[in-house]
Amino acid sequence: MVEETTLNLVKELVEGSPERKFSESVDLAINLKNLDMSQPKNRVDEEINLPNGLGKSLKIAVFAKGEVGLNAKDAGSDYVLTEEDIKELGEDKSKARSLANECDFFISEVQYMPLIGKTLGAILGPRGKMPVPLTPDKNVADLINSTKNSIRIRSKDRLTFHVSIGRRDMDVEKLAENIETVLSRVEQSLEKGKHNLKSVYVTTTMGKSVRLV
């Protein structure tokens with residue numbers, strides 16, 4: 001059950017923003033305080049499973065071969081890439097950047113991780129898109145399905161960062177639940193919890209913003 005304050009703020013945001021001809025993203029602008037962000041231990045780097053998804057289909061690429069590759073394709077992976085594809089992308093940086101920008105998440109069989117790190121790490125790493133390792137105990141279809149509802153939050157060395165938590169045309173209660181899930185995880189990752197939060201704003205792509213914290 002979401003807090004009434006969160007629910008009312010989301011309603012205020014959605015109802016107070018003018019209609020657009022496209023589906024706007026709903027984002028959180030999170031501002032931290034009293035943290036030395038030059039210290040990696042203070043940085044936020046979390047993968048969060050949103051209870052209600054993002055309200056849009058995410059693009060996923062899987063580095064795999066054989067049966068795992070076939071299962072990935074059946075489970076809805078947009079791309080299934082082999083060892084040869086990895087090497088080709090490593091030689092064509094423009095194509096690699098295009099793929100990195102197009103896809104939201106990457107998954108890889110563990111044997112390809114060292115090669116991906118060597119050839120594509122400089123492109124995927126800064127974007128926070130290094131592949132999730134597909135260890136032998138995991139099912140690729142299950143991982144794809146859970147990944148489709150996941151987001152990655154990375155503050156890097158900044159006190160202010162943004163994260164998308166849904167689309168404006170989603171139900172306001174579902175948006176509010178996503179917001180509370182994200183804030184709870186962010187607070188858990190901070191040294192002093194909510195006391196390290198300076199402010200949090202909820203905003204739409206081109207609309208107004210409302211202060212939540």
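These notebook entries record what I looked up in the structure above.

**Entry 1: the model**

I noted that this is a predicted model, in which local features need pLDDT of at least 70 and side-chain atom pairs count only at pLDDT 80 or more, while totals for chains, interfaces and linings use all residues. Residues are numbered from 1 along each chain as its sequence is written, and side-chain values use heavy atoms, with hydrogens and water left out.

**Entry 2: the domains**

I looked up the domain assignment, which gives domain 1 (4-54 + 150-211) and domain 2 (60-148); such bounds come from an automatic or database assignment. Taken over C-alpha atoms, the centres of domain 1 and domain 2 are separated by 27 Å. Seven residues from domain 1 and nine residues from domain 2 take part in the contact, where contact means heavy atoms within 4.5 Å. The area buried between domain 1 and domain 2 is about 540 Å², and carbon and sulfur atoms give 38% of that area. Buried area is the accessible area (1.4 Å probe) that two parts lose on being put together, summed over both.

**Entry 3: helix α1**

I then turned to helix α1 (residues 4-16). Helices (H or I, at least four residues) and strands (E, at least two) are DSSP runs, numbered from the N terminus. The expected span of a helix is 1.5 Å times one less than its number of residues. For the 13 residues of α1 this should be 18 Å, and the end C-alpha atoms are 18 Å apart, which agrees.

Which residues of α1 are buried? I found Thr6, Leu7, Leu9, Val10, Leu13 and Val14. They cover an arc of only 165° around the axis, which puts them on the same side of α1; the arc is that of the directions from the helix axis to the C-beta atoms. An α-helix has 3.6 residues a turn, so residues three or four places apart point the same way. The face of α1 turned away from its buried side carries the exposed residues Glu4, Thr5 and Glu15. Buried means under 20% relative accessible area, exposed over 50%, and partly exposed in between (1.4 Å probe, protein chains only). The cover over the buried residues of α1 includes β1 (25-32), α7 (172-189), β9 (197-204) and β10 (209-211).

**Entry 4: the nonpolar cores**

I defined a nonpolar core as a set of buried Ala, Val, Leu, Ile, Met, Phe, Trp, Tyr and Cys residues joined through side-chain atoms within 4.5 Å. The largest has 47 residues, and Leu28, Ile30, Leu32, Ile153 and Val182 have the most contacts inside it. Helix α7 gives the most to this core, with six residues. Domain 1 and domain 2 both give residues to this core, so it lies between them. A second, separate core of 15 residues includes Ala61, Ala96, Tyr112 and Leu120.

I also listed contacts of Leu28 beyond four places in sequence; among them are Phe161, Ile165, Ile179, Val182 and Val202.

Gly125 is in the loop between α5 (113-124) and β6 (132-134). Gly125 is partly exposed, with a relative accessible area of 21%. Apart from neighbours within four places in sequence, Gly125 is in contact with Leu120, Met130 and Arg154.

**Entry 5: single residues**

Where is Phe22 found? Phe22 is in the loop between α1 and β1, and is partly exposed at a relative accessible area of 40%. Not counting residues up to four places away in sequence, Phe22 touches Thr205 and Met206.

Asn34 has a positive phi of about 55° although it is not a glycine. Asn34 lies in the loop between β1 and β2 (45-49) and counts as exposed at 65% relative accessibility.

Lys156 likewise has a positive phi of about 55° and is not a glycine. Lys156 is in the loop between β7 (150-154) and β8 (160-167), and is partly exposed at 35% relative accessible area.

Arg185 lies in helix α7 and is partly exposed, with a relative accessible area of 26%. Residues up to four places away in sequence aside, Arg185 touches Glu46, Glu47 and Ile48.
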